[in-house]
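Keep the sequence and the 3D view side by side.

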Amino acid sequence: MDEEVVPQFIELIEKTFPTVPFKITRALPYIIEIVAEGVDKSAALAFFAAKFNVRPENIITFGDGENDVGMFGAAGYSVAMANGMPKPKAVAKYQTTSNDDGGVGRFLDMIFRPEYVKEPDAGLSVDHLKALDAQLGAASASPLAAGLYP
């Protein structure tokens, strides 16, 4: 569905079924999700928190869609992804980098491993990368040569 027509479809659905108890949300800008009223990620989160005796302040949630907003309110830490929709970014307590940039891992590292210094690749030493740069003649174009790594 084209992103531009989604608001019109939402309005049409709400007008067509005014007495039906449902909630409309979106995980992506071009998708409409229709669920029963009271059913969302916050209900599931509350269920599992109670089942496993975990206090909400000890829960971290990550999200990028409108369907994550309720869940954000049920957790101590709510984190929106940089590539997320506007609504979750507006209500989250924190933001991190995009899904494509390892945003979840980066945020968790800040909390659980603040002293962690990320190397270019855990399996490759900086010396190995320098040797590769020299072999490939990529001295000016590589991230290492650009000073992005120690």
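D68 counts as buried because its relative accessibility is 2%. Buried means under 20% relative accessible area, exposed means over 50%, and partly exposed is in between, with a 1.4 Å probe and protein chains only. D68 sits in the loop between β3 and α3. Its side chain and that of K41 are joined by a polar contact of 2.6 Å. Such a contact is a pair of N or O atoms within 3.5 Å; within protein, one must be able to donate a hydrogen and the other to accept it, and residues adjacent in sequence count only if both atoms are side-chain atoms. Leaving out residues up to four places away in sequence, D68 touches K41 and G63. Contact here means heavy atoms within 4.5 Å.

This is a predicted model, in which local features need pLDDT of at least 70 and side-chain atom pairs count only at pLDDT 80 or more, while totals for chains, interfaces and linings use all residues. Residues are numbered from 1 along each chain as its sequence is written, and side-chain values use heavy atoms, with hydrogens and water left out.

Now the overall layout. The protein chain has six helices and five strands. Along the sequence they follow the pattern α-β-β-α-β-α-β-α-β-α-α. Helices (H or I, at least four residues) and strands (E, at least two) are DSSP runs, numbered from the N terminus. Of the 150 residues of the protein chain, 25% count as buried.

Next, the sheet. Three strands form an open sheet in the order β3-β4-β5, with parallel pairing. Two strands pair if DSSP finds at least two bridges between them. The edge strands are β3 (60–63) and β5 (94–96), each pairing on one side only. From one strand to the next, the twist averages 30°. Axes are lines fitted to C-alpha atoms, for helices over the stretch in contact, and angles run from 0 to 180 degrees between N-to-C directions.

Look at the pairings one by one. Four bridges link β3 and β4 (residues 77–81) in the parallel sense. I60 has Y77 as its bridge partner in β4. F62 stands opposite V79 of β4. On to β5: three bridges join this strand to β4, and the two run parallel. There, M81 has T96 as its bridge partner.

Why is β4 largely enclosed by the rest of the structure? Four of its five residues are buried, so the strand is largely enclosed. Helix α5 (residues 103–112) packs on the sheet and touches β3, β4 and β5. The direction of α5 makes about 155° with that of β3.

Which residues make up the largest nonpolar core? There are eight: L45, A49, I59, M71, F72, A75, A80 and A92. Helices α2 (41–51) and α3 (69–73) are the elements that give two or more residues to this core. A nonpolar core is a set of buried Ala, Val, Leu, Ile, Met, Phe, Trp, Tyr and Cys residues joined through side-chain atoms within 4.5 Å. L45 touches I59, T61, M71, A74 and A75, not counting residues up to four places away in sequence. A second, separate core has five residues, including I10, I13, F22 and I24.

Finish at P7, in helix α1 (residues 6–16). P7 counts as partly exposed because its relative accessibility is 47%. The C-alpha atoms of P7 and P29 are separated by 9.8 Å, with the two residues 22 apart along the chain.
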